[in-house]
Every structure is written in structure tokens, then in C-alpha cells.
Amino acid sequence: MTSSTKFSTKNIEDFFMKFAILESKKSLKSGDVPVGAIIVKDNKIISRAHNQIEKKGDSTAHAELLAIQKAIKKLGYKHLLDCTLYVTLEPCAMCAGAIVLARIPRVVFGATDPKTGACGSLYNIVNDKRLNHRCEVISGVLEDECSKLLKDFFKKLRK
């Protein structure tokens with residue numbers, strides 16, 4: 001890529017979501033729901049994580065929380081200002097709360113989660129005016145690919 005290469009916002013979102021999808025596939029090795037998350041700052045991935053709930057026996061080991069913890073450690077600061085979180089599935093209430101607390105200004109996700117989604121589907125914690133931080137949310141990025149991973153996982157689990 002040369003310095004004159006132009007990317008539309010959609011291309012950038014697709015580009016980084018592909019890394020989150022690759023990360024989500026790592027969850028499958030331990031029988032975890034395939035969710036992957038990356039955090040980007042200045043167009044560089046600063047952290048990546050995947051669900052490890054089954055692997056760690058920890059119900060809070062969601063991809064988003066693990067990625068946030070890694071990014072905070074890397075940057076040495078509790079707030080992830082000027083960062084974007086890319087995640088294959090809409091964050092739940094716990095993860096949305098962590099996004100607000102970490103002051104992440106932008107969240108990009110693939111598949112919506114009508115049962116537990118807290119970035120617009122069931123709840124909208126990241127844009128609740130009663131809280132001291134809100135963030136831009138972009139949904140549906142590579143949604144078909146993200147949804148297929150989840151559907152295939154649950155179909156295999158039911159067999």
C-alpha cells in the first residue's frame with residue numbers, strides 16, 4: 001500500500017473486521033462461541049482477543065473485555081481515547097459498560113444480537129444520555145460472514 005492509496009470508511013471497516021473474524025475463529029479450539037475483537041488506534045491494531053469463557057472457566061472472559069484489558073495495559077492508561085473497537089458480535093451489557101468506562105469513542109460490529117445486544121438491539125448502553133460517555137456505533141460490517149460463523153457453531157453444538 002502506498003501513501004497515495006485511498007480507502008473509503010467502508011473499506012477500512014471491512015479491512016479491520018476481517019482481523020476480528022480471524023480472531024473469532026480461535027475461540028472454536030476451546031469450544032467457545034466464536035467472537036473476536038480487536039482495538040485499533042492510528043490505523044494499527046493494538047490488541048486482539050477472542051472469547052475464552054469455556055477455556056478459562058470465567059463467564060467474564062468475553063473477547064471485548066479481554067481486548068480492552070490488553071489495550072489499557074499496552075497504552076498504560078485507563079481510557080482508550082482515539083481508539084476503535086471492532087467486534088464480530090454486538091456487545092452485551094457487560095461489555096457495553098466496559099466500553100463506556102474505557103471511553104472508547106467508536107464501536108464497529110458485525111452481527112446484531114437481538115437477545116443480549118446492548119449497542120442498539122435490546123439495550124443501547126453505549127448511547128444512554130444518562131451516562132457520562134457515548135460512542136459512535138457502526139453495525140452490520142461483514143454481517144453475513146460474522147453471522148455465519150455463529151450459526152454454524154450453534155448448529156454443530158445442537159447435533
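E136 is partly exposed, with a relative accessible area of 44%, and here I use buried for under 20% relative accessible area, exposed for over 50%, and partly exposed for what lies in between, taken with a 1.4 Å probe and protein chains only. Before I go on, please keep in mind that this is a predicted model, in which local features need pLDDT of at least 70 and side-chain atom pairs count only at pLDDT 80 or more, while totals for chains, interfaces and linings use all residues. Residues are numbered from 1 along each chain as its sequence is written, and side-chain values use heavy atoms, with hydrogens and water left out.

Let me stay with E136 for a moment. Which residue does E136 form a salt bridge with? The partner is R106, and the closest N and O atoms of the two are 3.4 Å apart; by salt bridge I mean a side-chain nitrogen of Lys or Arg within 4 Å of a carboxyl oxygen of Asp or Glu. Because E136 lies in strand β5 (residues 136-138) and R106 in strand β4 (residues 106-111), the pair ties together parts that are 30 residues apart in sequence.

Five strands form an open sheet in the order β2-β1-β3-β4-β5, and the pairing is mixed, where two strands count as paired if DSSP finds at least two bridges between them. Its edge strands are β2 and β5, each of which pairs on one side only. Neighbouring strands of the sheet are turned by 20° against each other on average, with direction ignored. Helix α3 (residues 63-75) packs on this sheet and touches β1, β2 and β3, and its direction makes about 140° with that of β2. For these angles, axes are lines fitted to C-alpha atoms, for helices over the stretch in contact, and the angles run from 0 to 180 degrees between N-to-C directions, while contact means heavy atoms within 4.5 Å.

Moving along the strands, β4 and β5 run parallel and are joined by 3 bridges. Strand β1 (residues 36-41), by contrast, pairs in the antiparallel sense with strand β3 (residues 83-89) over 5 bridges, with A37 standing opposite V87 in β3. β1 also pairs in the antiparallel sense with strand β2 (residues 44-50), over 6 bridges, and there the partner of G36 is H50. β1 and β2 form a hairpin with 2 residues between them, and D42 in the turn has a positive phi of about 55°. As for how covered β1 is, 5 of its 6 residues are buried.

Within helix α3, I would point to I72, which is partly exposed at a relative accessible area of 26%. Leaving aside residues up to four places away in sequence, I72 touches Y77, K78 and L80. I72 and I46 are 26 residues apart in sequence, and their C-alpha atoms are 9.5 Å apart in space.

Now to helix α5 (residues 143-158): at 1.5 Å a residue its 16 residues should span 22 Å, and its end C-alpha atoms are 22 Å apart, which agrees; the expected span is 1.5 Å times one less than the number of residues. Which residues of α5 are buried? They are C146, S147, L149, L150 and F153. These cover an arc of only 155° around the axis, which puts them on the same side of α5, the arc being that of the directions from the helix axis to the C-beta atoms. On the other side, D144, K151, K155, K156 and R158 are exposed.

Finally, the structure holds 5 salt bridges, and one of them links R130 and D128, whose closest N and O atoms are 2.6 Å apart. Here R130 counts as exposed at 74% relative accessibility, whereas D128 is buried, with a relative accessible area of 19%.

Methods. Helices (H or I, at least four residues) and strands (E, at least two) are DSSP runs, numbered from the N terminus.
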